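Subject: Structure for you to look at

Hello,

Here is the structure I said I would pass on. Please open it and keep it beside this email while you read.

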Amino acid sequence: MMCAMPEPTGLPSPGPPARASAAIPRLIDRGDGRRLERFGPYLLVRPAPAADGLEPADRAAWVAADGRYERSSRGPGAWHGPRLPTGPWTVQLEGLTLELRLTGTGQVGLFLEQVPLWRWIRRQVRAAGRPLEILNLFAHTGGSTLAAAAAGASVVHVDAARSAVAWARRNAALSGLAEAPIRWLVEDVEVFARRELRRGRRYDAVILDPPSYGHGPRGEPWRLEDRLADLLRSCAALTSRRRVFLLVTTHTPGIGPDRLGRELAAALPPDELRLGRLETGPLEIRAAAGGRLPAGAFARWTHS
Ligand SMILES: C[S@@+](CC[C@H](N)C(=O)[O-])C[C@H]1O[C@@H](n2cnc3c(N)ncnc32)[C@H](O)[C@@H]1O
């Protein structure tokens with residue numbers, strides 16, 4: 001499957017990131033189908049379908065926005081605004097230093113809803129009492145990879161987009177983790193999983209955050225709705241008999257916490273499912289001005 005993150009287009013070439021800002025990245029407000037976020041020195045507005053019909057908590061806060069991303073029905077959207085960043089910049093978050101930048105898709109290289117899961121991942125790694133081998137699939141710019149590596153795990157980071165893996169490697173260097181035991185792989189997740197299973201390779205844990213849709217390795221259409229069960233079965237097989245945890249997150253309408261939990265439970269052999277605890281819940285981001293922004297669902301199994 002392939003719905004890799006597109007190469008950034010028409011945006012300033014990434015010189016060295018600007019100096020780190022102390023302002024912690026966070027959601028300030030959401031409403032009217034948009035989200036207002038602080039990413040270091042920049043206050044940005046982006047589309048947020050989950051905020052449709054929600055009333056902003058602090059309309060005055062939006063006036064100070066430095067820029068906004070607008071989608072277009074005639075092709076890629078664009079960034080507009082009085083004080084747009086002219087190149088990449090860095091932020092500090094959870095002990096990591098991360099490069100952010102405006103991309104042609106409206107992404108900046110950080111999914112705020114993942115941050116509480118970084119803390120959870122770190123706790124699991126530290127609690128294991130031995131160095132874990134973790135597989136991070138659809139790993140993007142590496143937030144979860146670096147959270148796990150910083151806690152002492154060795155990680156295999158898999159993403160189909162060469163630009164995403166290069167970005168993640170820069171984040172590792174910025175965070176002082178360039179020498180950490182991380183394997184960086186530009187690969188299709190299903191092709192990779194099949195090969196690892198053939199080789200009898202096993203992991204202590206898998207983290208996956210698949211997109212809703214994309215294309216398969218031969219360009220065929222790919223929908224998570226159709227592929228989720230197989231993906232989770234592969235992850236269960238890749239952690240067979242040594243599983244410490246399995247963490248899956250989705251942002252797909254129709255795949256809520258209950259469905260995700262059922263699919264994860266169904267992927268685990270009953271005798272192994274009983275050895276641990278299954279938790280599910282919504283992914284949501286708390287806004288500084290008040291209220292929350294729904295951002296998907298999570299399900300996780302942890303060995304008891
Ligand atoms: C929603 S992002 C994941 C965000 C990530 N969890 C994070 O917190 O930064 C989805 C990622 O999956 C990657 N991707 C999409 N299809 C893929 C595939 N078939 N195989 C591997 N990676 C894929 C994209 O390149 C993108 O980086």
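What follows goes through the domains, then the sheets, then the packing of the helices.

Please keep in mind that this is a predicted model.

Domains

The protein chain is divided into two parts, domain 1 (26-100) and domain 2 (112-303). Taken over C-alpha atoms, the centres of domain 1 and domain 2 are separated by 26 Å. Domain 1 gives 22 residues to the contact between them, and domain 2 gives 24 residues.

Strand 3 (residues 34-39) and strand 4 (residues 42-47) are paired in the antiparallel sense, over six bridges. Which residue in strand 4 stands opposite arginine 35? The residue there is another arginine, arginine 46.

Another open sheet has seven strands in the order 11-10-9-12-15-17-16, and its pairing is mixed. Strand 11 (182-186) and strand 16 (276-286) are its edges; each has a single partner strand, so one side of each is left without a neighbour in the sheet.

Strand 16 pairs with strand 17 (residues 292-303) in the antiparallel sense, over 11 bridges. Within this pair, proline 282 stands opposite alanine 297 in strand 17.

Helix 3 (residues 143-150) lies across strand 9 (133-137), strand 10 (154-159), strand 11 and strand 12 (205-208). Relative to strand 11, helix 3 runs at about 165°.

Helix packing

Two packed helices are described by the angle between their axes and the distance between the axes.

Start with helix 2 (residues 115-128) and helix 3, whose axes come within 8 Å and cross at roughly 30°. Angles under 35 degrees count as roughly parallel, and that makes helix 2 roughly parallel to helix 3. The crossing of helix 2 past helix 3 is right-handed. On the helix 2 side, Trp118, Ile121, Arg122 and Val125 meet Gly143, Ser144, Ala147 and Ala148 of helix 3. The residues of this contact divide into five nonpolar, two polar and one charged.

Next come helix 5 (residues 189-198) and helix 6 (residues 224-238). The axes of helix 5 and helix 6 come within 10 Å and cross at roughly 35°. Is the crossing of helix 5 past helix 6 left-handed or right-handed? It is left-handed. Helix 5 makes the contact with Val189, Glu190, Ala193, Glu196 and Leu197, while helix 6 uses Arg227, Leu231, Ser234, Ala237 and Leu238. By type, the residues of this contact are six nonpolar, one polar and three charged.

Helix 6 also packs against helix 7 (residues 257-267): their axes come within 8 Å and cross at roughly 45°. That angle makes helix 6 oblique to helix 7. Helix 6 passes helix 7 in a right-handed crossing. From helix 6, the residues in contact are Glu225, Leu228, Ala229, Leu232, Arg233 and Ala236. From helix 7, they are Arg259, Leu260, Glu263, Leu264 and Ala267. How many residues of this contact are nonpolar, polar and charged? Seven are nonpolar, none is polar and four are charged.

Regards

Terms used
Residues are numbered from 1 along each chain as its sequence is written. This is a predicted model: local features need pLDDT of at least 70, side-chain atom pairs count only at pLDDT 80 or more; totals for chains, interfaces and linings use all residues. Side-chain values use heavy atoms; hydrogens and water are left out. Two strands pair if DSSP finds at least two bridges between them. Helices (H or I, at least four residues) and strands (E, at least two) are DSSP runs, numbered from the N terminus. Axes are lines fitted to C-alpha atoms, for helices over the stretch in contact, and angles run from 0 to 180 degrees between N-to-C directions. Angles under 35 degrees count as roughly parallel, over 145 as roughly antiparallel, 65 to 115 as roughly perpendicular and the rest as oblique. A crossing is left-handed if the near helix is turned anticlockwise from the far one by less than a right angle, and right-handed if clockwise. Contact means heavy atoms within 4.5 Å. Ala, Val, Leu, Ile, Met, Phe, Trp, Tyr, Cys and Pro count as nonpolar, Asp, Glu, Lys and Arg as charged, and the others, Gly among them, as polar. Domain bounds come from an automatic or database domain assignment.
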